[in-house]
Amino acid sequence: MSTVDRTERVPKQDRSRATRQRLLEAAVACLAEHGWAGSTVLVVAERAGVSRGAAQHHFPTREDLFTAAVEYVAEERSRALRALFPQGAGAGGRRAVVAALVDLYTGPLFRAALHLWVAAGDEAQLRPRVTELEARVGRETHRIAVELLGADESRPGVRETVQGLLDMARGLGLANLLTDDRARRERVVAQWARLLDEALAG
């Protein structure tokens, strides 16, 4: 390959990656705002500022687009969460970790994922993909929680305590869909941090 060919190819690859990223971010935003029924490939393409053909080049089916989008944003949030606590939290910082984990379930990503889960209940072709995606994202979130909390899962009950925290966070996210539940959420976060300090002390 000539130097000119290489020079032309790299920007093209960069443009392709940028287009893919815009589509993924637009897909999550559309899903969070409009739900499954209102989120078509065309709607996402228009929001991302690309043609429908370009969108289908990257994601041949609607299911490809939306499952990839939720997974992409989940991975981005996981990286951001780790970056907030590069050394872990330690006992004194567990409340901050609990609050950050709860925040995972109160933003547009959770709302988008929820629409995808509901749609998977009715769409047979979507269900196995969403089930697999949810399992992967759930395992990764649990892994991050264990890491940031400094939890030793070899001790009896610790794994269940961490999972209970994540289940609680999801419940708070559901409550927040209809009303601003911030005040109650802050009290629950404080209580869970105290419970974790007791459960993880050793």
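Which residues in α6 meet which residues in α8?

1. In this contact F110, L114 and W117 in α6 meet R170, G173 and L174 in α8, contact meaning heavy atoms within 4.5 Å. The residues of this contact divide into 4 nonpolar, 1 polar and 1 charged; Ala, Val, Leu, Ile, Met, Phe, Trp, Tyr, Cys and Pro count as nonpolar, Asp, Glu, Lys and Arg as charged, and the others, Gly among them, as polar.

2. This is a predicted model, in which local features need pLDDT of at least 70 and side-chain atom pairs count only at pLDDT 80 or more, whereas totals for chains, interfaces and linings use all residues. Residues are numbered from 1 along each chain as its sequence is written, and side-chain values use heavy atoms, with hydrogens and water left out.

3. The axes of helix α6 (residues 108-122) and helix α8 (residues 158-176) come within 11 Å and cross at roughly 90°, which makes α6 roughly perpendicular to α8 (65 to 115 degrees). Axes here are lines fitted to C-alpha atoms, for helices over the stretch in contact, and angles run from 0 to 180 degrees between N-to-C directions.

4. The lining of the largest pocket consists of 22 residues, of which Y105, E134, V137, T141 and R170 lie nearest its centre; a pocket is an open set of points on a 1 Å grid where a 1.4 Å probe fits, with protein on both sides within 12 Å along at least five of seven lines, and lining residues have an atom within 4 Å of a point. The helices α4 (62-84), α6, α7 (127-149) and α8 each supply at least two lining residues, and the largest share, 7 residues, comes from α7. By class, the lining divides into 14 nonpolar, 4 polar and 4 charged residues.

5. An unreviewed UniProt entry places the feature "domain: HTH tetR-type" at residues 17-77, a stretch that is 80% helix and 0% strand in the model. For "DNA-binding region", the unreviewed UniProt entry lists residues 40-59, where the end C-alpha atoms are 12 Å apart. Such annotations may be inferred rather than shown by experiment.

6. The protein chain has 9 helices and 0 strands, these being DSSP runs (helices H or I, at least four residues; strands E, at least two) numbered from the N terminus.

Definitions and conventions: Parallel < 35°, antiparallel > 145°, perpendicular 65-115°, else oblique.
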